[in-house]
Amino acid sequence: MRVCFHRFFAAILAVPGLHAQEVSFQRDIRPLLSDRCFKCHGFDEETQEADLGLHTFAAATRDLGGYRAVAPGDSAASELIARLVSDDPGEVMPPPKSNKPRFSPEEVALMKRWIDGGAKYEEHWAFVKPVRPPLPEAGESGSDHPVDRFLDAGRAGSGLPINGPADPRTLVRRLSYDLRGLPPTIEETDAFLAAHAQDPEAAWGALVDAFLASPAYGEHWARDWLDLARYADTNGYEKDRPRSIWPYRDWVVRAFNDDLPYDRFTIEQLAGDMLPDPTLDQIVATGFHRNTMLNEEGGIDPLEFRYHAMVDRVATTGSVWMGLTTGCAQCHTHKFDPITHTDYFALFALLNNADEPEIEVPDPILTRQRAEIAAQIEDSEGKEVARLDEARFQAWLAGLRGQSVPWTVLPPLKAVSNLPLLEIEPDLSLYASGDFTKRDVYELSLDLSPLRGKAVTALRLEVLPDPRLPANGPGAAYYEGRKGEFFLSEVTAQVGGRPLAFSGASASFGQISIGSGEAKAENVYDGDGSTGWSTSTREGEAHHLVLKLAEPLAGAETLELSLLFERHFAAGLGRFRLSAATAAGGIAALPPGAPDPFAASEGELRRAFVRLSPDHKAHQEAVAALRGKMPELPTTLVMKERPPHHRRPTHRHHRGEYLSPKEIVAPAVPAIFEPIPEGTPADRLGLAKWLVSERNPLAARVAVNRAWQSLFGRGIVHTSGDYGYQSELPSHPELLDWLAVEFVEQGWSLKRLHRLLVTSAAYRRDSRIDPVQLARDPDNVLLSRGARFRLTGEMLRDGALHAAGLLSSKRGGPGVYPPQPESVVDLAYGSEAWTSSVGEPRYRRSLYTFAKRTAPFAAYLVFDGPTGENCLPRRERSNTPLQALTLLNDPMFHEAAEALARRAWSGAEGVPDESRAVLDALFRRVLSRPPDGREQEDFLAFHEAQWARLATGELKAAEILSAENGPVTPGLAAWAMVARVLLNLNEAITRG
Amino acid sequence: MNPAETSMNESLHLLTRRHFFQDCGIGLGKIGLSAAFAGGFSHLAKADGAPSGRGRHHGARAKRVIYLFMAGAPSQLELFDDKPKLRELDGKPIPPSVIAGQRYAFIQPDAAVLAPCFPFARYGQSGAELSDRLPYLARIVDEIAIVKSVKTDQFNHAPAQLFLNTGHGLPGRPAMGSWLSYGIGSEADDLPAFVVLKSGGSLSGGAAMWSAGFLPGSHAGVPFRDAGDPILHVSNPKGYDAKAQRDSLDLLRRMNEGALAHLGDPEIQTRIDAYEMAWRMQSAAPELMDFADESPATLALYGAKPGDPKAAFANQCLLARRLVERGTRCVQVYHAGWDHHSQVENGVKSQALQVDQASAALVMDLKQRGLLDDTLVIWGGEFGRTPMVEASAALGRSLGRDHHPQAFTMWMAGGGIRPGITLGATDELGFHVVEDPVHVHDLHATILHLLGIDHTKLTFRYQGRDFRLTDVHGHVVGKLLA
């Protein structure tokens, strides 16, 4: 019956200027048609029953052969009405098998009145650009604040009593949690009370400004955004291995604290890499759409899961910036909203042209440290070279020459593959990029003309590191196996269609990952795709494979080479080069690290000597020690738009299935909207700019509605990820549009928007619920009272730690591991243990808790926290026994209770009425108020009773308190028990 | 009801009851509230999360479900589906016409055939065919229905496990147990409606398999943990005895009642009720976990040995029976260890030893106690295994079988299932289903049907769409119904 009430109010009261008698298509008719008719008579022409659509005036009034579904002005002649009231089960609409409820007599009457009035169709409100509506007159609240004037108008005539302002203690706590996610300190509360007594308005303004300026503000609001961004620190799916993308999370925090305008905030996250001369920050921001999951399960089809990630990107973009549920249109034209199947894939195409690299995020301090160490190594090596023993060096070099033959690089004439793009680099190596599969074949034509007149006896494949590849290559593997590895299954060579046989092979190094197989060089010509060669574990290094030809090859102009990479994960080579030798006799690969003595310079050879020779062991150890000290740079996941000559085509997929690609679809925004302007490329950047342009009627509305939802507990549009035909109508449409226009005109500043909302009288109202309010407006849609809602799990933990004085103020960096039972992650796949952090990181703000998708931190999940698997526009606020068990018994909260007790007790030591002083301090820390008389009596009695049991040894103080934290006494233990009850109070876990 | 005439007390009471029922998958199920929510709102355009189709739609044959999920995917060719043709073709490739267009995880589709590793025989009055690895199941074969024609869409573990548990191959949808909790609630007021038990190795599908998805979080499966508290934080913190806990709760209750009187927020009443149920769970959980009241004969029937990790699956089966006795609606028992890419013969041998006795014992024990009639037992993995051999030098694998989504076998018992039948058949290679295909969506539709739910009516609106367990598919398999 709650649903009835707010519908009732939303419909009748919240749309000023409408008479209850007037039928509104928007308000009365479309919701009925959308809910009960469009599934079979809507936008999706393929599934339209009886070839009839009711979604447009033209379709509904079409001549159906002497009659029409809707005859404007004449309900009696409208077949629609006849069908709605028919008693014939074969005739009546909606048909019984549809599970849709029948139209009630009142609803039929509405339909008739609408048809008799001309059956006017209106554009869905959300698809019409917001224009700033005039401000209503100030109403019953007497407040001149624009928000209050709209809310007063919405409430007019409802007969709901409105609450006055909340008391200042409630207000400071409310604002502190809403803007910073933390309770106020005793000092902050007292300062505000004093200022409030002088000038309430000025005190409130100053408090708002102070909280907006606090670094905790960015940490709090980043949490909401990360719910949308489906942020997590692991890849998801079966293996759920860790990933490094926390630099993106820290970017979000900074963006909120710096009040980065929302339009720029949007463009940088969607397409920062495509801005002219992008800064590192702008590239890091593109992590937004790298928060999709990565399936590393052995044997999967990687492109299938890339497709699923793209589906997620489209859905998330639609939900966050367009308030559109695009999901339906993945499989077929949306039945309820005007988005066709092709529209969906056109939007998909806008986002579908990026590669997905991992980049280093140089930090100035680490970069300097690295440069210093590199210089030391350089210096040390230079000195070592200067004092090498010339005779020993010459002997070594002669030995190396003896083992080597001269190699001639073969220029590639042509290089193609089943999918990856192969490009020829200036050094005549090949670089592979784009999408890789579980079975990639590279087909190369190599120019033998540099060896004209000689007979080729052997081929050499050099595999080379490259900073563009995962872990610097040489392979392109990025999941399941080791990053940057490859797996070369087979090499076949042909000249003019004639296959060449190999008679031996060797490699500088060979190792394969996963499984017990050997990486013998000969594997590449044994005809078995499941064996092969790899340099796994030595990523970032150059290695080579030498293949001897069974018969010398003479007189050929080109050599056709085919490389097969076949494993249960994608493992193609990323960078490599081919050479040939013409020497006779035993040609073999050189040991790891040894330079090609016929190609390297004198300086390189001397350096190689001091690096490899046992003569220079002490130096080598010193260098290794220096390298060990070289700090690793953090990495993060970003987007990189593909070059114009390597666009990824987007197909329409029949029924949305990965395996059913159909025709190619050009990138575009859905046709219901104004297109991306001419002259702007239809790509990711074009989409990002379009989303925050006046052509998109929704971005600002959706953004202000989310802010409203966070501050008032419930959005003006309750379905905050869906503004389509199936969504709930806004409770206050003019207010929403006014705020949206205001938001854009004041420069897309979220801080200004937040300030605007919290300075309204509505925000500051007392949240007590009187019986009339409860009966008539249980969800507080009309805001006759202040909002009350349960805090999130993260806020409960942060609040308890903050009140206890334990919360760390350290910000940013990799995720940390607050304590939780090991059994939480035991349930996930694999053996990643949850080793609780010790010391400061244990008390880091919850935003920084390592977010594991398959085993989210238990205390957040139980309070409806996110899993990071999908974009989450609105968290549930459930109220369950498992939450009670967590707050009562989780050692983390118990630890906070102990610290609270110690803190309150040490502050009250020596005060005349010690017990009352301790209790007072506990109350003020947790609830921002002192206890009243009855509470004092009850809590002191509880303390007394527990103290008595502790004193007799019936309960053990040493079990309740930890001696590591200070003295262990029955009195203190009893205070810890008191603090625990306080942390469990409904008042403590609610923002009231 | 005229809202203006509703007194404070009445509306508070109403809202509170509704709140608690909706928000707490755990609790108040004995009060038959479902009827109140089955209709009444549907004449209005629905907001996200508006209740729809809750409650039973027809008479239920089953009241509860125990699903023995064989994670990793047991080989149907070593247990249920004998294929003499494979013995004949052993070592030869499968004809290209059969394998065209099929995708595999690890092997190339032209791999050679591997003959079934074990002898088969017919058992019971029904004459059902089983391999010699299932001697205990052979004794109760007339109680169960074997389905040899199950099909799925997914060929990797995590997506396939998610598909069987949630009806969708990606994380984010509600588990079947969550739909049941949401649709028909719980019968226990001191234990969760939907419990997850586990034995064996790691689970590919992970926590997303018992997630409530977009349903309220309170309908999520509650995993019972092997170490420490069976339910997270169900024990008092160190130093607290029952009296200290009760004293604390009494003070808490007094304070919260004061706040309720002062603030009038029905959420506070729900909070008070939630804490009281937490207290009841604290005493119910240890009693549940203590097998002291089980007879030696019962323990022997299952092969259960409390505290012995070697008997983990048997212990979980017995615990599952204790849970359903106490009113839990759905118990998911996961046993992982069936992923035999290499040496399928030894693998199946060892897993069957861990699983066969207790699986059969559960059916027998439920029957002895008169619970089998209205308890549905389901046994099976996420897909089957290939008729072709898996061998890979790089991975060090030989004589194994790869993932096979095209056909596999499950069995069901009790709760309105027709006993003593074998449904469906595969071709002579065991490759494709040729008779009575049962897709995963059909399986879900049938399970819901047995519990009194029309799978097309139990829906939840999320992101503008009415979602259901069976997506837009699924047919009740009439031949399986008693």
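User: How many helices and strands does chain B have?
Analyst: This is a predicted model. Within it, chain B counts 19 strands. Its helices number 14.

User: What share of the residues in chain B is buried?
Analyst: Chain B has 482 residues. Take its contacts between residues at least 6 apart in sequence: 75% join residues at least 24 apart. The buried share of chain B is 60%.

User: And chain A: how many helices and strands does it have?
Analyst: The C-alpha atoms of chain A fill a box of roughly 100 × 95 × 50 Å, taken along the principal axes. Chain A has 20 strands and 36 helices.

User: What percentage of the residues of chain A count as buried?
Analyst: Chain A has 992 residues. Among its contacts between residues at least 6 apart in sequence, 70% join residues at least 24 apart. The buried residues of chain A come to 52%.

User: Which helix of chain B gives the largest share of the side that touches chain A?
Analyst: The contact involves 85 residues of chain B and 97 residues of chain A. Several elements of chain B supply at least two residues each, among them helix H1 (8-23), helix H7 (157-166) and helix H10 (266-289). The largest share is 10 residues, and it comes from H9(B).

User: How many nonpolar, polar and charged residues are on that side of chain B?
Analyst: The side of chain B that touches chain A holds 15 charged residues and 28 polar ones. Its nonpolar residues number 42.

User: Is helix H30 of chain A mostly covered or mostly open, and how many of its residues are buried?
Analyst: H30(A) spans residues 881-889 and is mostly covered. Its buried residues include A:Pro881, A:Leu885 and A:Asn889. The count of buried residues in H30(A) is 9 of 9.

User: Which elements of chain B do the buried residues of H30(A) pack against?
Analyst: Within chain A, these residues pack against helix H29 (858-861), helix H31 (891-908), H35 and helix H36 (986-989). They also reach across to chain B. There the partners are E6 and H10.

User: Are helices H32 and H35 of chain A roughly parallel or antiparallel?
Analyst: H32(A) covers residues 914-927 and H35(A) covers residues 970-984. Their axes come within 10 Å and cross at roughly 30°. Angles under 35 degrees count as roughly parallel. H32(A) and H35(A) are therefore roughly parallel.

User: Is the crossing of H32(A) and H35(A) left-handed or right-handed, and what class of residue makes the contact?
Analyst: The crossing of H32(A) and H35(A) is right-handed. H32(A) contributes A:Val918, A:Leu922, A:Phe923 and A:Val926. H35(A) contributes A:Trp975, A:Val978, A:Ala979, A:Leu982 and A:Leu983. No polar and no charged residues take part, and 9 are nonpolar.

User: Which strands lie at the edges of the open sheet of 5 strands in chain A?
Analyst: The order in this sheet is E4-E7-E13-E9-E10, with antiparallel pairing. The twist averages 25° from one strand to the next. Each edge strand pairs on one side only. The edges are E4 (412-417) and E10 (498-500) of chain A.

User: Which residue of E10(A) is the bridge partner of A:Gln494?
Analyst: E9(A), residues 490-495, is joined to E10(A) by 3 bridges. The two strands run antiparallel. The partner of A:Gln494 is A:Pro499.

User: Why is strand E5 of chain B called largely enclosed?
Analyst: E5(B) runs over residues 194-200. It is largely enclosed by the rest of the structure because its buried residues number 6 of 7.

User: Which residue of E6(B) stands opposite B:Val196?
Analyst: E5(B) is joined by 7 bridges to E7(B), residues 330-336, and the pair runs parallel. There, B:Phe194 has B:Cys330 as its bridge partner. E5(B) also runs parallel to E6(B), with 2 bridges between them. In E6(B), the residue opposite B:Val196 is B:Pro223.

Conventions:
Residues are numbered from 1 along each chain as its sequence is written. Chains are lettered from A and ligands numbered from 1 in the order in which they are written. This is a predicted model: local features need pLDDT of at least 70, side-chain atom pairs count only at pLDDT 80 or more; totals for chains, interfaces and linings use all residues. Axes are lines fitted to C-alpha atoms, for helices over the stretch in contact, and angles run from 0 to 180 degrees between N-to-C directions. Helices (H or I, at least four residues) and strands (E, at least two) are DSSP runs, numbered from the N terminus. Angles under 35 degrees count as roughly parallel, over 145 as roughly antiparallel, 65 to 115 as roughly perpendicular and the rest as oblique. A crossing is left-handed if the near helix is turned anticlockwise from the far one by less than a right angle, and right-handed if clockwise. Two residues are in contact if their C-beta atoms, placed from the backbone, lie within 7 Å. Ala, Val, Leu, Ile, Met, Phe, Trp, Tyr, Cys and Pro count as nonpolar, Asp, Glu, Lys and Arg as charged, and the others, Gly among them, as polar. Two strands pair if DSSP finds at least two bridges between them. A residue is buried if 20 or more other C-beta atoms lie within 10 Å of its own, exposed if 12 or fewer, and partly exposed in between; C-beta atoms are placed from the backbone.
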